[in-house]
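Hi,

Here is the structure I promised to pass on to you. Have a look at it, and then read on for what turned up.

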Amino acid sequence: MTSKPSSRQSTQRSSLGGEFFVPAALALITLVYLISAIQLGPPMKGGNMTASFFPIATAILMLIALACAMVHALRGKAKAPEEEAAANAESSDDAPRRRQYVGLSLGAIGVVVLTAGYLLAFDLIGYFVATFVYVLLLTGLFSGGFREKWLTKLIAAIVITVAGYLLFEVVFQVRLPTLWSQ
Amino acid sequence: MDSISGLLGGFAALANPETLLYMIGGFLIGTFFGAVPGLTSVLAIALLLPLTYSLDVTTALVACASIFMAGMCSGSITATTINIPGAPSSMMTALEGYPMQQRGEGAKALGHAALGSMIGGSLGALLLMVMAPLAADVALLIRTPGKFSLIAFALIVIIISQRGSITKGMIATLFGVMIATIGIDVVQPLARFTFGTSVLVQGIDMMPLIIGTFAISELLIQADSRSSRTVDPSMIQAAKVRRRDFIPPLSEVREIGVMRYLKSAVIGYAVGILPGAGGSMAAFVSYAESMRSSKHPERYGKGNPEGIAAAECANNSMCGGAFVPMLTFGIPGDPTTAIVLGVLVINGLQPGPQFMTQQLDLIAPMFASLFVSALILIPLTLYLLGPYFLKIVSIRRDVLYSSIAIVALVGSYVATYSTFQMALALVFGVLAYFLRKQKYPTVCLLLGFVLGPSLEEYCRRALSINDGNPSIFFTSPDSLFFIALTVVFFYFMVIRKPKDRGLGTRPA
């Protein structure tokens, strides 16, 4: 008896998340933007628009729209929590709901971390090593690990790295950073 | 005469082996991206964008046009055979194609889809060649206040065409406009929103925004999925098609009728001109009209080739229409034409009323590519690759998305040879991921980013002409026309909403 309400509450909390917090985060960004726009100077000077007018107007419109979105999210929750929770459960992937951190799934966090690491390594250790390692780890991430077909993944990483090099450096003459050019 | 010879010169340009190779290559890439569920032709063109730094502008435009055309028709492959539309524009095709597949007529349904795409695509390209110069003449009449009202009209229509999520469309558009204001002011030499960093003074480049919004965010979304292949191999076994069955019987083509093809092509073209409408809207409107005017509306939803013909004819004809506002006014109405605009801007070209006459030699091969892709490559690809389509699109996801990641990230590096652009692509990718998860239309973000600077520039110029008095927008006839048009569109799309008639909810 006691488990049902608590599970419902947790579902409500999680389904409110994105619908409310995405506009909330955007509102925060917009506020910073608005303050910066105001710091640019008065919006009108001598009857003409200045550089701050358009950003200020855009930010105000944006804040109004975001406020509407947040109110809509809150009202939606208050009106039909069960329906929404059911819809959310249905609309998500066919698999059971995956654990999320700050709105990102584990897989998405993996891609972000790997990509950020790749960007750091790209300049430091060059295209070849960075790309090979990045692709190898990505193939592992997209196929759920290295336990199966690790040799195929290794070959795929080598082929993609070489193909990328041929495409950019040879065909399109883009100078890619290399370990020996650092 | 000059424009006719210029347009014919476009066809002659396709005889260049390199250009031809890029057109065919682009078509095959577009077919693949359009057919694989989850990938779109927009993503294909987005990945091509960095390469345009090294490509000749004509070649790049030719490749973009063939990708666009291929992406529109190839979504019907998986829509028909396994009931998973490869692209949103093929959703109506799935309604009719899959029931045909279930009764063993999948190949014939694909044949009808290809025929409709071929007719619609060719007619759309022809209409583009005929109408674009006329539209350019009209565009010359529009002055600064009118240009502001036109861009405002385009943005408002883009927002209100996001049915059911107008607020989200508005937020995404305004966010795009905000991003576009970063950097040097459009009128005076003043850096805005740089937050003390020199890297933002030049503003945000279109490339990392496009790569992030369409490629990186897709990687993040796909990282949630656990299937090993893009299409389940067991579904391929159940959906075998034979080459000889592709040709639709003449009796069925006659029953569909020339008028239906023509009407669908005109609908698709007209919808293409509208900002934000796109292929899915074209297919939807044409399908609904086809059902309304059909002698046998009861057959719709049960595997009727009429529905396939109407939907596919319209979404391919849309390709031609979508280029009209981009080329004549510099206003892209959908992500594909926005990226094509990016290709032009990268090469120092700015579309506008004079563009069609002054740069026809650069643009004509793109028109020719649209036409040839529709008339020759669509049926040829279906005939040659048709039986193997499903095997081709069923590939390992780990290999596919790793390859996309490399092309996207290294492609972002190309513009400035700096990892800052790659980092920006990642930032925009994460941002777009959150927006997409909450059903914010990222296409609005892109179009807001593209049109925002022009909106601000024309607004400020128009007001400076009239000493800051906004009445100029209501006294200038061209501006007044677009304001009236905005009101009309707002009335019909928001106040008097079009009815779905349950088309989208009918079980496939």
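How many residues does helix 6 of chain A have, and how far does helix 6 reach from its first C-alpha to its last? Please keep in mind that this is a predicted model. Helix 6 of chain A has 22 residues and reaches 30 Å, close to the 32 Å expected at 1.5 Å a residue.

Staying with that helix, here is how its residues are placed. Lys153(A), Ala156(A), Ala157(A), Ile160(A), Thr161(A), Gly164(A) and Phe168(A) of helix 6 are buried. Looking down the axis of helix 6 of chain A, you will find these buried residues within an arc of 130°, so they line one face of the helix. After helix 6 of chain A comes Gln173(A), with a positive phi near 55°.

Now for chain A as a whole. It contains 6 helices and 4 strands, and along the sequence they follow the pattern α-β-β-α-α-β-β-α-α-α. Of the 182 residues in chain A, 28% are buried. If you take the contacts in chain A between residues at least 6 apart in sequence, 55% of them join residues at least 24 apart.

Next, the meeting of the two chains. Here 56 residues of chain A are in contact with 52 residues of chain B. Elements of chain A that each supply at least two residues of the side touching chain B include helix 1 (3-39), strand 2 (48-49) and helix 2 (53-79), and also helix 4 (106-125), helix 5 (127-142) and helix 6 (150-171). Helix 4 of chain A gives the largest share, 11 residues. By class, this side of chain A has 33 nonpolar, 17 polar and 6 charged residues.

Val22(A), in helix 1 of chain A, is worth a look in the viewer. Val22(A) is buried, because 24 other C-beta atoms lie within 10 Å. Not counting residues up to four places away in sequence, Val22(A) touches Phe434(B), Leu435(B) and Gln438(B).

Finally, two places in chain B. The axes of helix 2 (residues 17-35) and helix 3 (residues 41-48) of chain B come within 7 Å and cross at roughly 135°, which makes helix 2 of chain B oblique to helix 3 of chain B. Helix 2 of chain B makes this contact through Ile29(B), Gly30(B), Phe33(B) and Gly34(B), and helix 3 of chain B through Ser41(B), Leu43(B) and Ala44(B). These residues divide into 4 nonpolar, 3 polar and no charged.

Gly26(B) also sits in helix 2 of chain B. Gly26(B) counts as buried, because it has 29 C-beta neighbours inside 10 Å. Leaving aside neighbours within four places in sequence, Gly26(B) is in contact with Ala63(B), Ser66(B) and Ile67(B).

Technical notes. Residues numbered from 1 in each chain as written. Chains lettered and ligands numbered in written order. Predicted model: local features only at pLDDT ≥ 70, side-chain atom pairs only at ≥ 80, totals over all residues. Contact = placed C-beta atoms within 7 Å. Nonpolar A, V, L, I, M, F, W, Y, C, P; charged D, E, K, R; others polar. Axes fitted to C-alpha atoms, helices over the stretch in contact; angles between N-to-C directions. Parallel < 35°, antiparallel > 145°, perpendicular 65-115°, else oblique. Expected span 1.5 Å × (residues − 1). Buried ≥ 20, exposed ≤ 12 C-beta atoms within 10 Å, placed from the backbone. Arc of directions from axis to C-beta.
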